[in-house]
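Work through the exercises below with the sequence and the model at hand. Each task is followed by a stepwise solution.

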Amino acid sequence: RVSKMTQVLANFADVSDLTGKSVLDAGCGYGPFTMALYLSDRPARAVGADISEKYVRTGSQLCAETRMDDVEFVQSAFRELTDVLDERFDVLIVNNSINFLTSRKAYKEAIREFYEILEPGGAMIILTPNRYHLTEAFTGLKGVQFLPDRIADWYVRKKGIRDGYDDIRLPSSFELVWWLRRTGFEDVQVVDAYQFTTEGWR
């Protein structure tokens with residue numbers, strides 16, 4: 001996945017080298033991607049932000065044990081990034097985490113924070129399943145994302161696949177592009193990650 005991200009940055013954002021750049025991984029979990037990106041591409045600084053105190057503690061401990069001194073983890077929700085971090089970043093990565101926001105308002109608040117935390121001219125990648133793919137990514141159920149919230153939650157629990165579905169709202173590419181452009185992002189592009197191969201883009 002790291003190689004896919006760096007390919008997207010190189011091919012679509014003209015960022016072919018992270019040397020000397022600062023990278024923020026928002027919604028990083030315990031930081032496997034943050035650390036892998038740091039080890040493979042050696043940015044000057046890598047920060048992972050996650051709402052879970054447990055994940056932040058785990059990531060920080062792993063970095064201390066492996067002496068990754070230029071990697072830091074902080075506890076922050078998307079909407080609090082600029083309150084928690086007093087710096088801007090050259091590259092922002094949101095890797096399969098924005099889909100855990102559950103309302104349009106939360107999406108818009110998060111995107112505003114992303115805009116404010118990026119350096120002018122910075123690059124951002126949002127990787128997320130598309131609402132309009134028939135088979136829902138987290139459950140494997142067809143069309144569950146189109147059901148009313150309470151029915152979707154009941155159906156997923158009944159199937160025994162997850163504890164529920166009330167913590168997920170998959171975005172469509174159309175609404176993401178709309179919100180990003182309305183916030184001020186320029187050169188917004190939609191890339192199908194499934195079209196990536198080891199030889200390049202199909």
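**Exercise 1.** Identify the residues nearest the centre of the second largest pocket and describe its lining.

Step 1. The second largest pocket has 25 lining residues, and G27, D50, F78, S97 and F100 are those nearest its centre. On a 1 Å grid over the protein atoms alone, a pocket is an open set of points where a 1.4 Å probe fits, with protein on both sides within 12 Å along at least five of seven lines; lining residues have an atom within 4 Å of a point. This is a predicted model: local features need pLDDT of at least 70 and side-chain atom pairs pLDDT 80 or more, while totals for chains, interfaces and linings use all residues. Residues are numbered from 1 along each chain, and side-chain values use heavy atoms, without hydrogens and water.

Step 2. Two or more lining residues come from each of α2, β2 (45-50) and α5 (104-117). The largest share, 3 residues, belongs to α5.

Step 3. Sorted by class, the lining holds 13 nonpolar, 7 polar and 5 charged residues. Here Ala, Val, Leu, Ile, Met, Phe, Trp, Tyr, Cys and Pro count as nonpolar, Asp, Glu, Lys and Arg as charged, and the others, Gly among them, as polar.

Step 4. The volume of this pocket is about 540 Å³.

**Exercise 2.** Place G27 in the chain and list its contacts beyond four places in sequence.

Step 1. G27 sits in the loop between β1 (22-26) and α2. Helices (H or I, at least four residues) and strands (E, at least two) are DSSP runs, numbered from the N terminus.

Step 2. Beyond four places in sequence, G27 is in contact (heavy atoms within 4.5 Å) with A49, D50, F78, N95 and S97.

Step 3. G27 and F100 are 73 residues apart along the chain, and their C-alpha atoms are separated by 9.5 Å.

**Exercise 3.** How do α5 and helix α7 (residues 173-183) pack?

Step 1. Their axes, lines fitted to C-alpha atoms over the stretch in contact, with angles from 0 to 180 degrees between N-to-C directions, are 10 Å apart at an angle of about 45°.

Step 2. The two helices are therefore oblique to each other; angles under 35 degrees count as roughly parallel, over 145 as roughly antiparallel, 65 to 115 as roughly perpendicular and the rest as oblique.

Step 3. From α5, R104, Y107, K108, I111, R112 and Y115 meet E175, L176, W179, L180 and T183 of α7. These contact residues comprise 6 nonpolar, 1 polar and 4 charged.

Key:
Grid points are joined across faces, edges and corners, and a volume is the space filled by probe spheres set on the points.
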